[in-house]
Amino acid sequence: MTDTKKRILLVDDEPAVLLTYRMILEKQGYAVVGVPSARAAADALLQQRFDLLLSDLALEEVDSGLKLLESARQEHPDMACILLTGYLSSGIVEEAERRGITLLLKPTETSELLETVALKLRSAYEHQDPQPARP
Amino acid sequence: MATAQMHLQQAKPAGRGEPGTDLVRARAALRLLEVERSEEIPGVLLEEIVGLGFSRALYAEVDFESGQVRPSVSIGCSRQLQQRFVTSLYAADHPVVNVLRSLEPSLLENGPGPRRFYLYPLVFRSINPCWESQRESRPDCLAVENLQHPRGLRLPDQVCRICDMRGFGAVVAVDLGRQQPAAAIGPLRALMEVTNILLSRRFKVEHYFNRMREMDTAIGQLRMVMESMPDPVILTDNQHRVILQNRSAERFFKLPEQVSEGRARAVELNNLLFSAMLSSLAMGSTEASRDLTLIDAIEGEEAMFEAVSAPTLGGDGRRTGMITVMRDVGDLRRADQELRANYERLRATEEAARQERDRLGLIIETVGDPIVVCDQGARPVLMDRLAQRLLGPTDAAASDPATLQNRAKFDAYITAFSFSFTDRQSGKLQLYNPDSESEVEYDVRSGKIYDQRGQLAYTVSVLHDLTAVRKLEQLRLERRMLEIEKFAAIGRLAGTLAHEVNNPLEAIKNCAYLLQDRVQPDAQPVMEMLRSETGRVVRIVRQMLGLYRDSGQVGNVELNAVVEEVVQLYTQQLDRKRIRLESKLKPVPVLVGSSDQFRHVLSNLVVNAMDSMEPGGRLLMRTREVRAADGGRLARVLVADTGQGIPREMLESVFEPFVSTKGERGTGLGLWIVRSLVGNHGGKIRVRSRTGKGTVFKIDFPVVRP
């Protein structure tokens, strides 16, 4: 399993953003699944395993990105998470701190994004307990 | 002894010129003159009588005390015989008494035997009257009277009416023996007369001698009295020459033994002054007084006297000179002068105090705020017009209830202050202002004034109508709120815009990224431009998004909480960049404003700091309370970094829009926005920087009074 590409679940309700981010990440060599909503993301999480969840904070509902993450973490406690947000608020920051979620400010510097992704994946990998892959 | 032939001449005084009698007189006179005391005279007389040839004679004296006549000296007389001549002046009929009564000699023929006695009376008689009668020109001196108008020896009469001298009286009895009276009497008579004269003279001399002695004693006593007087006493004659002066006077008017020139002059001067004074006083006839200042020749100081002079009169009533007593009034005078000086000083002080009071009153009246001065018992003693409008008259009770209530409130306040231990106090009083007919909140500032002993003397209170100030503050606050609102509105607009723009922008940026290596080399510059410009837009949008949220809400802001929030927001990023964060937050007063805007300001500064630093840099955040120059309170925030710094030429314009240190990366808006936000809250932002060292931003927010 170590040779396979890392799998990233990308969630954003803006189609253009979703598409372009997917392209960028795939170009980088990741396997990316892009979904336009939190619900779709939740479904995807049930069906597949992912190494990283990269989501916009504001999806169809306010802070739904966070809720998504909560549920994702229940299933996959060790999954790396990055939230994209337009503004920081103390509530979000606290939550992110607690759960070990990385926050990135939109609009992002692409290089910063890529760096953060790589970092997150590496650290998750290093701390990961060996887990049987889902079928 | 020559026994000259003598003729008896009856009742006729021995005349002069008869050779026998002259001789007798002369001889007797000589002997009698040699006598020292009058007591010796009778003895000498009897001897002379015997010398004339008579064998028996006696001298009977009158005792003026008792009136007795008795022989005191006798020659050849038996006791028996002598006894016959003892009698009393008051006896009825005795030859001796008869003789004394008549003051004429007589011949006594008595009893058996050829005894015939010649009796001669001796009394005090003289041609020359006494000195006193001469002085007073009176003719009735005893001596003269006895001579010229003999009235017989009567005791009461034998005192000189003028000089008080008491006379004497005696009878000489001579036994004629066998001599014939006619012959014997002549020489005897002559002898008696001479004896009488000399006896009288002697008597007079002795009298005056005694008198002189008595007078001498009296003078000595008077002198002592004079000397004992502490005041100078001077007796002067009619030419103002000093006859007599006591020791106190000598101090001023007499030259001491070894005398310096100064002292000699002093004495001279004193004498001159004294004479001058006497001359001026001599005009009057009764006691008069004059002030005289002399120089004490011994001490060398001035001595002030009141000279009281009176004329001295002789026995005849004529002026003989002046007696002057000098009363030392130096102390009195000095005391009087001091009293006067003190009085003047008091008056001057009073005047000065009155002027001060007037000036104070004027100042108080022109201040324009109610001022109340109270004493240590918290009772008003001075109030200006305005204070009286509020609290009623100083001394009397106010009449209307509103004023009474005001007064009560003020009394409570000032009493508490008066008895407190603080020197100053300020407080607030809600009083009814009759001019504006409304309740006004007054800011009261009071201070204490202490007396010399450190006890509370007065309190001074100034009341300040805060409504005007309040109004101003209110206006300012409102304006600021308006600004905040405006900004918020604009922010909201910008934010909304940004938000809308954000997503497409994200996509565009991503596309640019994706395209960059798909483009042909000659199109690279274009690509580059696309990328950078897009990046700029991204950053602008980013800053705008910070303003998006409803940042218009104004409320209480805990600055330290905001700082901590911001720090928390960026902790991850700071860690990632390996920037060490140091925050030292001291207590700051609560501010009024928009927390979102505060947050934006701080976030901006933090981001700027982060961007300027390399990994390993330090970010310092500090807050504390400071005092402004005008005494107001400020909340100060410091954001300092160890980054690249801002070049000096840019420092001035760094807060202007579209000025950036980040080159193309910067929007140039960040600090401009920050300054606007800071300004919204009435604050001030300053920057200090050194290239290569770092930058410090300092923001002061005024504490708005709630």
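**Close-up views of helix packing and the chain interface**

**View 1. Helix 15 and helix 16 of chain B pack at an angle of about 40 degrees.** Helix 15 covers residues 559–576 of chain B, helix 16 covers residues 595–612, and their axes lie 9 Å apart. This is a predicted model. The angle makes helix 15 of chain B oblique to helix 16 of chain B. Their crossing is right-handed. Helix 15 brings B:Leu559, B:Val562, B:Val563, B:Glu565, B:Val566, B:Tyr570, B:Gln573 and B:Leu574 to the contact. Helix 16 meets them with B:Ser595, B:Phe598, B:Arg599, B:Leu602, B:Ser603, B:Val606, B:Val607 and B:Met610. By class, eleven residues in this contact are nonpolar, three are polar and two are charged.

**View 2. Helix 16 of chain B also packs with helix 18 of chain B, residues 670–680.** The angle here is about 150 degrees, and the axes are 9 Å apart. The crossing of helix 16 and helix 18 of chain B is left-handed. From helix 16 come B:Gln597, B:His600, B:Val601, B:Asn604, B:Leu605 and B:Asn608. Facing them in helix 18 are B:Gly670, B:Leu671, B:Ile673, B:Val674, B:Leu677, B:Val678 and B:Asn680. This contact has seven nonpolar and six polar residues, with no charged ones.

**View 3. Helix 2 and helix 7 of chain B pack at an angle of about 165 degrees.** Helix 2 spans residues 40–51 of chain B, and helix 7 spans residues 181–228. Their axes are 11 Å apart. The angle makes helix 2 of chain B roughly antiparallel to helix 7 of chain B. The two helices cross in a right-handed way. On helix 2, the contact residues are B:Ile41, B:Leu45, B:Glu48 and B:Ile49. On helix 7, they are B:Leu188, B:Leu191, B:Met192, B:Thr195, B:Leu198, B:Leu199 and B:Arg202. Sorted by class, the contact of helix 2 with helix 7 of chain B has eight nonpolar residues, one polar residue and two charged residues.

**View 4. Chain B meets chain A through 24 residues of chain B and 30 residues of chain A.** The size of an interface is often given as the accessible area lost when the parts come together. Chain B and chain A bury about 2700 Å² between them. Of that area, 55% is on carbon and sulfur atoms.

**View 5. One salt bridge is counted between chain B and chain A.** The side chain of A:Lys27 meets the side chain of B:Asp517 in a salt bridge. The distance from N to O is 3.0 Å.

Key: Residues numbered from 1 in each chain as written. Chains lettered and ligands numbered in written order. Predicted model: local features only at pLDDT ≥ 70, side-chain atom pairs only at ≥ 80, totals over all residues. Heavy atoms only, no water. Axes fitted to C-alpha atoms, helices over the stretch in contact; angles between N-to-C directions. Helix = DSSP H or I, 4+ residues; strand = E, 2+ residues; numbered from the N terminus. Parallel < 35°, antiparallel > 145°, perpendicular 65-115°, else oblique. Left-handed = near helix turned anticlockwise from the far one by under 90°. Contact = heavy atoms within 4.5 Å. Nonpolar A, V, L, I, M, F, W, Y, C, P; charged D, E, K, R; others polar. Buried area = accessible area lost by both parts, 1.4 Å probe. Salt bridge = Lys/Arg side-chain N within 4 Å of Asp/Glu carboxyl O.
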